[in-house]
Number of protein chains: 2
Amino acid sequence: MKKDQINALLAPSSIAIIGASATPGKIGYTVIKNLLDSKYSGNIYPVNPKDDEIQGLKNYKTLAEIPGEVEAAVIVVPAKFVSDVIDECGKKGIKGLIIITSGFSEVGDKALELEIVSKAHSYGMRILGPNIVGTLTNSTKLNASFAPYLPLPGKASLITQSGALLIAIDAISYTRGVGFEKLISIGNMSDVDFADLITWLDDDPNTSCISLYVEGFKDGRRFIEAVQKTNKPVIALKSGVSAHGAAAAASHTGSLAGSGKVYDAAFMQAGALRASDLNNLFDRTLALSLQPTMKGDNMLVLTNGGGVGVLATDAAEKYGVPLKFAPEDVQVELKKHMPDFGSAKNPVDMTGMAGTDWYYKTTLFSYGHKWVDGLVVLYCETAQTNPEEIAKSIRKAVDESGVKGKPITVSFVGGERSDKAMRWLVEQGVPAYNAPDLAVNAMAALREFHLLREMVGHKPRGTNLLDDKIARTIIAKARKEGRGALTEIESKQVFEAYGLPTAKTILSTTEEEAVSQAKKIGFPVVMKIVSPDILHKSDAGGVKVNIKDEAGVREAYNTILANALKYKATANIHGIAIQEMAPWGTETIIGSVNDATFGPTVMFGLGGIFVEVLKDVTFRVAPISESQAVKMLGEIRGAPILAGARGEAPRDRKALADVLSKYAAMIHELGDEIAETDANPVLVYEEGKGLKVVDARIILKTK
Amino acid sequence: MKKDQINALLAPSSIAIIGASATPGKIGYTVIKNLLDSKYSGNIYPVNPKDDEIQGLKNYKTLAEIPGEVEAAVIVVPAKFVSDVIDECGKKGIKGLIIITSGFSEVGDKALELEIVSKAHSYGMRILGPNIVGTLTNSTKLNASFAPYLPLPGKASLITQSGALLIAIDAISYTRGVGFEKLISIGNMSDVDFADLITWLDDDPNTSCISLYVEGFKDGRRFIEAVQKTNKPVIALKSGVSAHGAAAAASHTGSLAGSGKVYDAAFMQAGALRASDLNNLFDRTLALSLQPTMKGDNMLVLTNGGGVGVLATDAAEKYGVPLKFAPEDVQVELKKHMPDFGSAKNPVDMTGMAGTDWYYKTTLFSYGHKWVDGLVVLYCETAQTNPEEIAKSIRKAVDESGVKGKPITVSFVGGERSDKAMRWLVEQGVPAYNAPDLAVNAMAALREFHLLREMVGHKPRGTNLLDDKIARTIIAKARKEGRGALTEIESKQVFEAYGLPTAKTILSTTEEEAVSQAKKIGFPVVMKIVSPDILHKSDAGGVKVNIKDEAGVREAYNTILANALKYKATANIHGIAIQEMAPWGTETIIGSVNDATFGPTVMFGLGGIFVEVLKDVTFRVAPISESQAVKMLGEIRGAPILAGARGEAPRDRKALADVLSKYAAMIHELGDEIAETDANPVLVYEEGKGLKVVDARIILKTK
């Protein structure tokens with residue numbers, strides 16, 4: 001993507017409005033009015049076939065008439081004329097098209113949308129939209145939209161998939177004091193998408209934080225990569241989490257992949273923070289746009305009220321940054337600035353007697369102390385204190401501390417005077433909230449973002465050292481036979497080719513072969529039917545375990561064959577697999593889906609009731625780093641089992657993480673061929689003793 | 001409790017301020033000023049030994065000097081003088097004492113606090129406090145506190161254990177438009193507690209909803225009973241949930257009872273709604289004080305913006321009232337009031353083209369339709385519409401529908417004009433919120449409260465038909481022997497006495513006895529050591545299972561005895577228990593604690609990893625109704641196991657609920673004797689086949 005094309009969309013030096021109107025109320029009128037009202041300094045060229053002048057500006061009958069260069073065009077003509085307009089824009093040498101017009105894919109007309117994109121690209125132009133409100137930039141005073149005014153100035157830029165929400169957020173910015181540098185409506189994302197804009201905003205000196213309202217991505221992987229490369233915090237409110245694609249899943253893993261779990265994983269891997277709701281998006285945007293991240297775990301809370309202190313303590317636990325008692329030296333110092341019945345532990349409760357002086361001194365000391373990684377200052381409005389003075393004393397202490405790179409958040413719980421004091425603090429760069437849990441949530445976001453970015457630095461495990469030829473040969477053979485899935489034996493061969501430890505399994509096609517292979521593997525063995533027509537082997541009576549000798553093998557061989565034919569007389573039977581009987585271990589499951597939005601995605605969970613009853617599984621978009629794999633093992637509710645619950649020895653988590661990252665590398669490399677996979681169960685042994693994939697399934701992508 | 005005494009505290013006709021002061025800034029000055037400023041219509045009597053006049057009021061040197069009756073006294077003298085002041089109050093015939101003074105149990109002086117309470121009671125007086133801000137009532141214009149003004153008038157009354165929070169909430173009421181009839185500071189709750197005030201407020205015609213900020217109860221059971229008897233909604237923000245008492249627990253159940261789980265159960269049983277944080281307390285208070293409950297499951301959402309519609313859909317699922325598609329006739333009608341590309345399903349998306357007329361017509365129709373149990377109207381501010389007009393059209397439609405008893409909540413997402421429109425709606429009795437999820441959360445609260453109250457109507461299972469003599473005889477014997485716990489055999493005898501099905505277990509004291517009893521019970525049997533000195537029988541090698549014949553019994557008898565003596569040579573061995581070998585069933589655990597705040601409390605969970613790894617258990621304060629027992633079975637994450645997961649037959653949940661309610665009745669009746677109990681495992685069989693308590697433990701209360 002060429003940067004100057006996005007530049008033309010977000011920071012054009014001149015702009016034409018195609019479909020300009022002299023009639024108030026028309027969008028072609030409103031956009032021109034908004035450009036004028038916002039005092040946009042570039043050239044504005046209204047274009048329509050009939051007028052001579054619109055709102056004091058010369059109107060051009062055609063684009064071609066405009067003298068000199070035009071960098072961007074806002075298009076508001078009806079959908080059916082847009083394609084012709086694009087030709088004219090292309091001929092004029094315009095670089096960026098802001099298409100406000102609706103009536104494309106959002107009403108089902110995908111063809112028209114594809115047509116305008118390919119036409120725009122043929123001229124080297126990029127499209128923002130269609131079906132958008134427009135785009136607004138405070139620093140260049142550009143309101144190229146039908147939203148009524150520029151938002152309150154600030155350091156965050158917001159990209160939204162809902163145009164209606166953009167207009168509301170525009171108004172909200174003033175009432176809640178959350179400022180924005182840019183508001184960008186992204187509409188149908190026919191061309192320019194979140195990834196393009198995030199990449200551009202990463203270089204924008206006026207943007208310190210990127211906020212998103214996301215309904216869904218077209219290409220999830222581009223989003224992940226763009227966010228990973230960004231140096232700025234990205235905060236996403238994702239709405240409409242649905243079980244897309246889960247209904248028709250053929251594998252166990254496929255049926256578990258719905259409910260937004262893949263989106264959850266993708267945001268985490270991208271290093272994007274989440275917002276839980278609209279207000280939380282504003283709250284976290286405020287914190288991330290104004291404050292540095294929290295580099296360690298020690299959050300200190302100062303308060304003048306026990307009640308709000310306890311609420312902050314509860315919130316700290318809820319949001320994952322539980323309070324620890326401050327060290328002795330900190331307590332000794334803080335004790336000086338409170339009455340006897342105060343507490344210097346954490347929260348530091350100065351009691352209702354705290355005035356500006358105590359707030360100043362405790363803030364100065366705490367903010368400057370090396371133990372403190374993040375400071376939360378709470379104030380509960382009292383009749384004896386002045387919120388504005390308290391705010392000033394906090395600000396003064398922060399300034400005089402000389403400390404840089406350490407976050408502070410504030411909550412004033414009270415009425416109008418507190419609200420005013422908080423507005424002032426925000427203007428001074430200190431995020432302030434009207435409830436203690438919100439200040440803690442904001443600090444937790446600053447901590448979480450720090451941890452997310454650390455993980456993003458870890459390189460995913462590649463497959464460049466592995467050989468994919470074996471796998472592709474096996475898959476090609478299955479496809480040639482018209483099959484949509486590999487057999488267990490084939491699946492295991494693919495797994496083995498990628499270094500995954502599978503229970504030794506050999507195909508036998510005669511009773512004698514079965515006997516000799518069983519002897520080779522060593523008793524006891526397991527025997528299973530191998531047939532592309534029988535996916536659920538146990539249901540068909542096609543599995544026998546713990547076969548201890550030759551006689552057993554012979555008996556099992558014949559029973560399984562008979563059962564299989566009874567189950568499905570026309571089944572194509574490849575033979576019977578003889579498998580080593582893996583010793584007992586902790587049952588886990590590894591699997592994958594090829595997600596419509598994110599592509600190959602790996603899943604991990606504990607087996608048995610954990611997966612079947614509790615759906616206790618976790619996902620990552622492949623490939624993954626080994627540290628992500630380790631994190632996955634800790635994320636499931638059943639994690640204590642792997643750590644060695646109930647007096648058992650810890651499981652071999654190192655080997656498991658290794659296998660998980662290899663598995664992810666495998667499905668990533670074979671992403672063009674594989675739809676879903678299951679390794680189920682994967683038996684995990686004690687530390688140092690590894691693991692074993694007992695059963696395997698690979699479903700091919702439909703081509 | 002006598003009602004007129006609480007009356008004297010909350011609605012006194014005359015009031016003395018003991019410790020009155022002529023010096024601005026002193027609390028004794030502020031309280032008088034506040035009473036005057038609020039235009040309290042009763043008599044105000046300042047009392048101190050030196051002044052003649054305070055703020056234009058005659059000051060009395062002593063209480064006795066005051067002519068005529070005085071109903072209440074506000075006491076602000078230092079703690080050490082309070083006791084003497086109470087004598088004077090008693091002699092004067094005062095009924096209610098509002099003790100603002102601090103320096104009692106909150107700083108460790110419990111003795112002084114007990115002294116003033118007993119003295120007050122000796123005169124028939126009740127105490128609010130000490131250590132409070134005071135109490136404020138809008139309807140009688142009473143500001144008997146040092147909070148600066150009466151709150152914004154409204155229909156909710158709030159009781160808070162944090163005085164600082166009261167002052168902040170007082171100010172917040174104006175900025176957020178949440179009105180209150182009363183704000184009551186409850187302080188140390190030396191005498192009057194939440195239960196007293198809730199009972200009084202239930203009869204208060206000016207209060208429609210009771211909101212609480214709770215740090216902890218003294219007597220949890222009184223609270224539960226008071227709320228159960230109340231006809232008004234009670235909403236509680238509980239802070240400082242800690243693992244009180246869990247550390248030293250002797251039983252399995254005891255170790256799981258921390259983390260506020262008992263509080264969670266108690267609020268649910270009381271029928272009190274919870275608030276998740278301070279803002280949620282305001283939000284839910286607004287809804288519950290203004291709107292009727294939601295009687296069915298059908299919530300309809302109207303919107304002019306897809307974005308806020310999707311956010312509402314997500315919130316509906318999150319808060320437990322998932323959206324269903326509206327019936328065909330509703331869709332057909334609503335389709336008339338939107339463009340073609342709108343949606344009439346649910347959310348009903350009228351699109352950004354919706355103006356006042358569509359809002360009016362869709363609200364009128366939806367609010368009036370019988371399918372709709374609750375209506376949520378969303379509005380996303382647009383440039384073309386006027387929020388005030390939209391608000392009026394919603395209000396008009398609600399009025400004209402003629403519908404009563406059906407709830408409506410609203411969210412306007414936008415700036416100043418939207419905020420103003422929402423303030424107007426609230427004044428009109430329609431709760432309005434600045435984000436769609438908040439309007440949904442408010443509606444969910446109206447639904448949840450309805451369901452909570454339904455459950456409260458179900459009578460708990462009593463023990464009046466049971467005989468507690470057997471149990472008390474066994475316990476008395478153990479106490480006489482100086483024991484703090486019953487043996488397994490004794491515990492099972494107690495269980496049996498309350499109708500709980502236990503695996504048949506007989507004590508044998510000789511090898512011969514063991515053989516004959518095993519024959520009587522029938523092989524196979526289990527044998528276990530019975531000794532008050534060996535609580536962990538398996539660890540001591542004191543358990544043998546699946547003993548199939550006489551020889552086995554003899555061998556086990558001697559091995560167990562030897563192991564036990566090796567484990568503890570001085571152990572007092574009662575003998576060896578012979579127990580029927582219960583067939584396999586689903587492992588569950590029932591247990592109890594005698595909670596410091598709530599008394600006997602029953603626990604239920606699935607056994608094995610569910611309890612040991614996932615802590616997947618649920619609690620209820622005993623006794624419980626059978627419907628509460630049924631609800632408990634469905635609350636645990638492992639509930640699908642009981643319903644028959646993984647192709648197994650459903651378990652006998654009916655029998656399990658029956659046993660659970662009997663168990664709760666047992667621990668309730670023996671609450672004076674029993675500290676903790678475990679029935680673990682309790683094996684539950686297929687439907688109709690009942691269950692069996694395999695192992696039992698009863699720990700006695702220390703007396």
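This briefing describes the architecture of a predicted model with chains A and B. Chain A holds 24 helices and 29 strands, and its C-alpha trace spans about 95 × 80 × 40 Å along the principal axes. Chain B can be superposed on chain A with an RMSD of 0.1 Å.

- Of the 703 residues in chain A, 56% are buried.
- Among contacts in chain A with a separation of 6 or more, 72% are made by residues 24 or more positions apart.

**A parallel sheet in chain A**

- Five strands of chain A form an open sheet in the order β2-β1-β5-β6-β7, and their pairing is parallel.
- Its edge strands are β2 (43-47) and β7 (126-128) of chain A, each of which pairs on one side only.
- Neighbouring strands of this sheet are turned against each other by 20° on average, with direction ignored.
- Within the sheet, β1 (residues 14-18) and β5 (residues 72-75) of chain A are joined in the parallel sense by four bridges.
- In this pairing, A:I18 stands opposite A:I75 of β5(A).

**Strand β27 of chain A and its partners**

- All 11 of the 11 residues of β27 (residues 674-684) of chain A are buried, so the strand is largely enclosed by the rest of the structure.
- Strand β24 (residues 586-595) of chain A pairs with β27(A) in the antiparallel sense over seven bridges, and A:G591 is placed opposite A:D678 of β27(A).
- Strand β29 (residues 696-700) of chain A also runs antiparallel to β27(A), with five bridges joining the two; here A:T677 has A:I698 of β29(A) as its bridge partner.
- β27(A) and β28(A) form a hairpin with six residues between them. In the turn, A:G688 has a positive phi of about 85°.

**A helix pair in chain A**

- The axes of α7 (residues 220-229) and α9 (residues 261-270) of chain A come within 8 Å and cross at roughly 30°.
- Because of that angle, α7(A) is roughly parallel to α9(A).
- The contact involves A:G220, A:F223, A:I224, A:V227 and A:Q228 from α7(A), together with A:A266, A:Q269 and A:A270 from α9(A).
- By class, the residues of this contact are five nonpolar, three polar and no charged.

**A parallel sheet in chain B**

- An open sheet of five strands in chain B has the order β16-β15-β17-β18-β19, again with parallel pairing.
- β16 (348-349) and β19 (432-433) of chain B are at the edges with a single partner strand each, so one side of each lacks a neighbour in the sheet.
- Two bridges join β18 (residues 408-413) of chain B to β19(B) in the parallel sense, and B:Y433 of β19(B) is the bridge partner of B:S411.

**Residue B:V301**

- B:V301 lies in strand β15 (residues 299-303) of chain B.
- This residue is buried, because 27 other C-beta atoms lie within 10 Å and the cut-off for burial is 20 or more.
- Apart from its neighbours within four places in sequence, B:V301 is in contact with B:G309, B:A312, B:L323, B:N346, B:P347, B:V348, B:V376 and B:L378.
- B:V301 and B:I560 are 259 residues apart in sequence, and their C-alpha atoms are 68 Å apart in space.

**Symmetry and interface of chains A and B**

- Chain B is laid on chain A by a turn of 180° and a shift of 0.0 Å along the axis. That is therefore the relation of a two-fold axis.
- 100% of the interface residues of chain B are also interface residues in chain A, which means the copies meet through the same surface.
- The contact brings together 53 residues of chain B and 53 residues of chain A.
- Elements giving two or more residues to the side of chain B that touches chain A are α5 (163-176), α10 (278-290), α11 (306-318), α15 (416-427), α21 (609-612) and α23 (639-643) of chain B.
- α5(B) provides the largest share of this side, eight residues.
- By class, the side of chain B that touches chain A comprises 28 nonpolar, 15 polar and 10 charged residues.

Terms used:
Residues are numbered from 1 along each chain as its sequence is written. Chains are lettered from A and ligands numbered from 1 in the order in which they are written. This is a predicted model: local features need pLDDT of at least 70, side-chain atom pairs count only at pLDDT 80 or more; totals for chains, interfaces and linings use all residues. Two strands pair if DSSP finds at least two bridges between them. Axes are lines fitted to C-alpha atoms, for helices over the stretch in contact, and angles run from 0 to 180 degrees between N-to-C directions. Copies are superposed by least squares on the C-alpha atoms of residues with pLDDT of at least 70 in both. Two residues are in contact if their C-beta atoms, placed from the backbone, lie within 7 Å. Ala, Val, Leu, Ile, Met, Phe, Trp, Tyr, Cys and Pro count as nonpolar, Asp, Glu, Lys and Arg as charged, and the others, Gly among them, as polar. Angles under 35 degrees count as roughly parallel, over 145 as roughly antiparallel, 65 to 115 as roughly perpendicular and the rest as oblique. A residue is buried if 20 or more other C-beta atoms lie within 10 Å of its own, exposed if 12 or fewer, and partly exposed in between; C-beta atoms are placed from the backbone.
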